[in-house]
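Here are a few notes to read alongside the structure. Have it open while you go through them.

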Amino acid sequence: MTKRALLSVSDKQGLTDFAKGLVALDYELISTGGTKKALEAADIPVIGIEEVTGFPEMLDGRVKTLHPKVHAGLLARRDLPAHMAQLKAAGIQPIDMVVVNLYPFKATIQQPDVTQAEAIEQIDIGGPSMLRSAAKNFAAVLPIVDPTDYEQILADLQTDAVTPALRQRLAAKVFQHTAAYDALIAQYLTTEEFPEKLTLTYDKKQALRYGENSHQKAAFYENALPTHFSITGAKQIHGKELSYNNIKDADAALRMVSEYQQPAVVAMKHMNPCGVGLGTTIEAAWDKAYEADSISIFGGIIALNRPVDLATAEKMHALFLEIIIAPSFDDDAFAILAKKKNLRLMTVDFEQTHTADKFETISVGGGLLRQEVDAAFETPADFTVVTVTQPTPAQLKALAFGQQVVKHVKSNAVVVTTADRTLGIGSGQMNRIDSTKIAIGKAMKQAGYENAILASDAFFPMDDCVEYAAQHGIRAIVQPGGSIRDKDSIAMADRYGIAMVTTGVRHFRH
């Protein structure tokens, strides 16, 4: 019996060459709509789907392949005589191959100003149904969804080398594809922030050499609808391939630097900022970030929210850095930085910060945690002064900066800053007094410490941090408040005559 292949594709890449190859192998081709027209235009013999079903297309093409003569031909098990007898009795010929790719739903919803009605018209029904039927019966039917597979499949057909393993791989690819397609539609239509069924879909962006450590396998996936302002949306313009740890650090640095309106530079190490600087120019911001911790910045990831100019590039070029990510690089700045062949240079469109993800998802054993991104930002207008001593205007400005920095530091987090640069950062300690000692210990070595403030991501459970800070020259503190022992910390601040403000907002980052 002549073998049959049903072809119905939106993406016509490679279609005619593949179809010609099938005809040369004595396949009879069945097709629909635009695919049939493309084959006829290439003088490839093809049978219209209505000739197979005996039923015309309906409802503007919404119903054309949803027919027993199609799906019975796909689903009949060739190893079951009863199935084959039923096909014969009904006058149905088996279909041995399905070549389908789906209506361009993703491309449609990415268009500006697309309406919901337009999007819904690009939800494919017949295509996924045929693919799923073919993939369920992959032992007998070749299900093909990806044009990049055409060449290899033809070669295997020509040499009679189509193995059960290949059939299973193609079936798995179909179910991955249709599952992702349905998930994307579900995401588009879902309005709940935390639905009962969370359907997310990701595309493999690149294989990674290894994961967090060299003995761990890893890959990098991006949301099926990539966010313009994200590490997945960044464009790498120079340097070697990103590593697993590079990606995590660059993501953290990009999220942080995007919050600042004036020129800002963030140096990130192991998911913690080691230096943050603000300035009237990007070079001035770089200087402050570098001076904040000139030791830890070695091997760091640098994020800047302004184009990189030559002066700034020359200073960065003098150091070993892993990644520099910025809106752009001036030509002469790029030329000097690109002299280091391994240095990764990346650009992101900072005009698209409004597109950044509003939720973050973290994997845990057996599941996921999903939450809103911590986008809260407290200003002096949100502060409550709880001490006798009032903060000065200069201190309020520094307290606001410190509060903005501390939410990006791993808990327990304490930072010591001026109004435009970090001086010391204590992160990830199991108790708050150790974080305080680390932050102050680093800060005391820095110029400008006499104007330093201290910010804490959560309340002080005891008054020891306040006392230590006061004894080491800190004159103003910002913290959320909310401890049952707040009065002890406030009393300690009053004892030393320092200003303390509370925000009512905790910024744990685990």
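**Notes on the predicted model**

1. Start with a polar contact: a polar atom in the side chain of Asp124 sits 3.1 Å from the backbone nitrogen of Tyr103. Keep in mind that this is a predicted model.

2. Where is Asp124 in the chain? You'll find Asp124 in the loop that links helix H7 (116-120) to helix H8 (126-136). Is Asp124 buried or exposed? The relative accessible area of Asp124 is 7%, and the cut-off for buried is under 20%, so Asp124 counts as buried. Setting aside residues up to four places away in sequence, Asp124 touches Leu102, Tyr103 and Tyr181.

3. Now for the largest nonpolar core, which has 44 residues. The members touching the most others are Ile231, Tyr260, Ile325 and Val405. Helix H11 (residues 244-257) is the top contributor here, giving seven residues to this core.

4. Another core, of 27 residues, lies apart from the largest one, and its members include Leu6, Ile95, Leu102 and Val145.

5. Last, a helix pair. Helix H1 (residues 15-24) packs on helix H2 (residues 33-41) with axes 10 Å apart and an angle of about 70 degrees, so H1 and H2 are roughly perpendicular. H1 brings Leu15, Thr16 and Ala19 to the contact, while H2 brings Thr35, Ala38 and Leu39. By class, that makes four nonpolar residues, two polar and no charged ones.

Conventions: Residues are numbered from 1 along each chain as its sequence is written. This is a predicted model: local features need pLDDT of at least 70, side-chain atom pairs count only at pLDDT 80 or more; totals for chains, interfaces and linings use all residues. Side-chain values use heavy atoms; hydrogens and water are left out. A nonpolar core is a set of buried Ala, Val, Leu, Ile, Met, Phe, Trp, Tyr and Cys residues joined through side-chain atoms within 4.5 Å. Buried means under 20% relative accessible area, exposed over 50%, partly exposed in between (1.4 Å probe, protein chains only). Helices (H or I, at least four residues) and strands (E, at least two) are DSSP runs, numbered from the N terminus. A polar contact is a pair of N or O atoms within 3.5 Å; within protein, one must be able to donate a hydrogen and the other to accept it, and residues adjacent in sequence count only if both atoms are side-chain atoms. Contact means heavy atoms within 4.5 Å. Axes are lines fitted to C-alpha atoms, for helices over the stretch in contact, and angles run from 0 to 180 degrees between N-to-C directions. Angles under 35 degrees count as roughly parallel, over 145 as roughly antiparallel, 65 to 115 as roughly perpendicular and the rest as oblique. Ala, Val, Leu, Ile, Met, Phe, Trp, Tyr, Cys and Pro count as nonpolar, Asp, Glu, Lys and Arg as charged, and the others, Gly among them, as polar.
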